Every structure is written in C-alpha cells, then in structure tokens.
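Open the model in your viewer and follow the stops below in order. Each stop says what to select and what is there.

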Amino acid sequence: MTRVDSKNLFDFKPTGQIDEDVQAMDSQFEAMMEDSPETMETMNRMQELQEKHDPESNAEYIKLFRGVSEPFVQWLNGNEALKFGGEETVMTSIKVPTSHCGEYDVSVEVYTPKELVNETRRGAYIYAHGGGAVSFSAADVRPGVQCQAVHMNMVTFNVDYRLAPETKCPNNIKDYYEVVKYVSKNAESLGVDPAKIVLSGESGGGYIVLGTLVMLAEQGESDLVKLAMPVVPMVDDYCFSDPLAMTVEERFSHAEQRKIYQYMIAADFEQQKTSPYLFPGKASEELLEKFPPTIIIGAEFDGFITEYTRFSSRIRRAGRLLEFVVLPGCTHISFYIPGTKGNNTFIEVIKTIAREYVHC
C-alpha cells in the first residue's frame with residue numbers, strides 16, 4: 001500500500017495538568033464513594049481479588065467489576081445534553097449471523113441521523129463500545145453514540161459484541177469483524193456507501209477495532225475500510241512491565257489490566273501472549289503496512305497513553321497513520337462527559353475528521 005497523506009490537522013499542546021472541571025468531578029465521585037460504605041467495601045474487595053486468580057475469585061471479580069460500573073453509566077446517560085442524539089436520529093437494529101463461536105447472531109443498534117433518512121450511499125460508522133472488552137453493552141453507550149452519529153453525520157452501527165470472559169479472544173474481535181464484513185457486503189440494502197466505512201470504538205472497544213484491523217490486514221481486506229479511528233485504545237502488554245516506570249494513571253490500573261488480559265480475555269495466555277489478537281500492538285511491520293488509514297485519539301492523562309503513543313509511531317512509520325491526537329488535560333474517558341472542556345474539544349475533533357477525511 002502507498003503511504004497515506006496526513007493533513008496534520010491537530011496540534012494540541014499538553015497542559016501538564018488535568019482540566020479543572022475534570023478534577024472537580026473526580027472530587028465529587030471520591031466523596032460519593034467515601035459516603036457509601038457498600039461502595040468502599042466493593043472497591044476494597046476488588047483490590048483483594050486482583051491478586052487471586054482461582055476460578056471462583058475471577059467470577060466474583062468480574063461480577064463486581066460490572067456492577068461497580070453501572071452507577072457511572074446511569075449518571076452519564078442521565079445528562080440532559082445527551083438527549084439530542086436520540087432526538088436527532090432514528091433507531092433501528094439488525095442481526096448479523098456468525099458461526100465462529102457457535103451459531104450466534106450479533107445484535108447491532110443502528111442510528112440514522114434524521115437529515116440522512118431519505119438519502120442513499122451515506123457514510124457508515126461502525127462502533128465498538130468500551131468496558132475493557134468485559135463490561136458494558138451497546139445499549140449502555142447508546143446516548144453518547146447517537147450523539148456521535150449526529151456529529152459525524154453518518155449512519156452508525158453500534159455493535160453488541162460478546163464479552164469476555166464468557167467469550168474469549170479472538171472470538172469477541174470476530175463478532176465485530178463479521179459486522180464490518182456484513183455492512184460492506186450489504187451496503188446497498190443498508191443505504192450506505194461501501195467506500196465510506198469508518199471503524200471506531202473507545203478503550204476496550206478500541207482494542208476490538210485494532211484486533212479487527214489485524215484481521216483485515218491478514219485477510220487482505222483493509223480496502224473495505226476508509227478510516228479506522230480507535231479512541232484511548234487498549235493496545236499491548238505494557239501493564240505487565242515495571243509500574244515504577246509508569247505514569248500515575250498507568251500505575252493505578254496496571255493490576256486490573258493484568259487480570260483482565262490474563263484471566264478474562266485470553267483463552268490461553270501463555271499461548272496467546274505474542275498474538276496480535278490479544279495484543280494488537282504486537283502486529284508485525286508487514287501487517288501494519290496493510291492497515292487502512294488510521295487516526296488514534298488519546299488523552300493526556302490516560303492509563304493507556306504509553307501503549308498507543310508508541311503504536312502510533314509504528315503505524316506512522318508503516319505509512320498508515322493520518323493523525324495522532326492527544327486531547328490535553330483529559331483523563332481516560334473524561335472527554336465523553338458533556339459540558340467539559342475536553343468534550344467540546346473531542347466533538348470538534350471528530351467533526352473535523354469526518355469533514356476532512358470521510359465526507360471530502
């Protein structure tokens with residue numbers, strides 16, 4: 001493949017400090033947790049379980065992990081500013097049949113901006129939700145992704161891929177991969193332009209996207225995708241390195257990430273630890289050269305900042321990186337919170353990307 005031509009659209013300067021509005025919200029959350037003995041007990045129990053890896057402890061850990069995330073999802077989705085996404089889109093759904101891990105239909109929510117309802121050959125934005133590939137669902141992130149559909153001005157496919165540990169690597173990636181193939185193959189009946197397919201997802205969803213890029217490159221199918229845009233993605237096994245060399249955020253989450261990769265996502269960690277399906281950052285230069293044009297969006301104070309910074313450098317050297325964007329003053333997903341400085345920046349970034357790299 002030829003080298004991509006970057007327009008070098010973004011030049012954000014790091015601030016060296018977390019945005020004040022994010023700090024204020026963090027303080028609120030900490031106070032809420034301290035005022036809830038039950039929540040504090042759960043968090044303490046999760047820390048204990050990070051070092052216990054028997055089946056019973058792992059089962060208890062994932063149950064607590066999923067449960068402790070629910071209040072944040074409810075709080076975020078209750079934000080009035082997210083309502084416009086649902087008001088400005090029409091929601092439908094499709095089922096994508098798969099057979100790579102039993103006979104299973106992957107559920108996909110579809111959000112069509114109302115101004116595009118009567119148009120054909122619209123752009124397709126295929127999204128993988130976050131949650132470490134072990135938590136959340138398409139429905140959990142619906143309000144925010146509906147807003148992205150409007151900002152990107154594209155028909156958006158929110159993929160409800162199967163989660164680990166119930167579904168192991170690489171079958172969760174294959175769920176998403178099969179949806180990408182389905183949308184491309186059925187573009188005409190879906191009313192989308194097969195030449196304008198964009199892949200995106202945040203955090204664990206970014207990992208799903210990157211794993212899919214590896215799969216597409218291996219199969220010689222990267223031309224199905226106009227643009228890949230993983231956001232704060234999980235990339236490699238940096239969490240298994242010395243925490244003394246990590247940033248504060250990386251050090252805070254490294255034990256959790258180790259457990260998730262080793263005992264939740266991996267089918268056999270020892271056999272898969274060199275696989276680019278488990279760790280997309282280990283993809284070879286030959287595969288990276290076959291990636292579709294890629295933009296990686298990160299955050300200055302993210303727990304995966306080192307992973308995707310060095311991966312971006314490798315993709316750039318392979319000639320497939322359009323932009324590497326680091327949102328200043330932001331933490332892992334703080335820029336998804338409406339009204340924050342980081343959210344305003346993120347919205348302008350994805351609008352610019354859609355205008356300059358997709359709809360042009």
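Select Asn-153, which sits in the loop between α5 (142-152) and β4; helices (H or I, at least four residues) and strands (E, at least two) are DSSP runs, numbered from the N terminus. Although Asn-153 is not a glycine, its phi is positive, about 55°. Asn-153 counts as partly exposed, at 26% relative accessibility; buried means under 20% relative accessible area, exposed over 50%, partly exposed in between (1.4 Å probe, protein chains only).

This is a predicted model, in which local features need pLDDT of at least 70, side-chain atom pairs count only at pLDDT 80 or more, and totals for chains, interfaces and linings use all residues. Residues are numbered from 1 along each chain as its sequence is written, and side-chain values use heavy atoms, with hydrogens and water left out.

Ser-203 is not a glycine either, yet has a positive phi of about 60°. Is Ser-203 buried or exposed? Ser-203 is buried, its relative accessible area being 7%.

Now select Pro-165, in the loop between β4 (155-159) and α6 (171-185). The peptide bond joining Ala-164 and Pro-165 is cis, with omega about 5°. Pro-170 also lies in the loop between β4 and α6, and the bond from Cys-169 to Pro-170 is cis, with omega near 10°.

From there, select Ile-265. Leaving aside neighbours within four places in sequence, Ile-265 is in contact (heavy atoms within 4.5 Å) with residues including Ala-164, Cys-169, Tyr-207 and Leu-278. Ile-265 is among the residues with the most contacts inside the largest nonpolar core, which has 99 residues. Such a core is a set of buried Ala, Val, Leu, Ile, Met, Phe, Trp, Tyr and Cys residues joined through side-chain atoms within 4.5 Å. Helix α8 (residues 204-218) gives the largest share of this core, nine residues. A second, separate core of five residues includes Met-25 and Cys-147.

Helix α9 (residues 248-265) supplies the largest share of the lining, four residues.

Finally, show the whole chain: it comes to 13 helices and eight strands.
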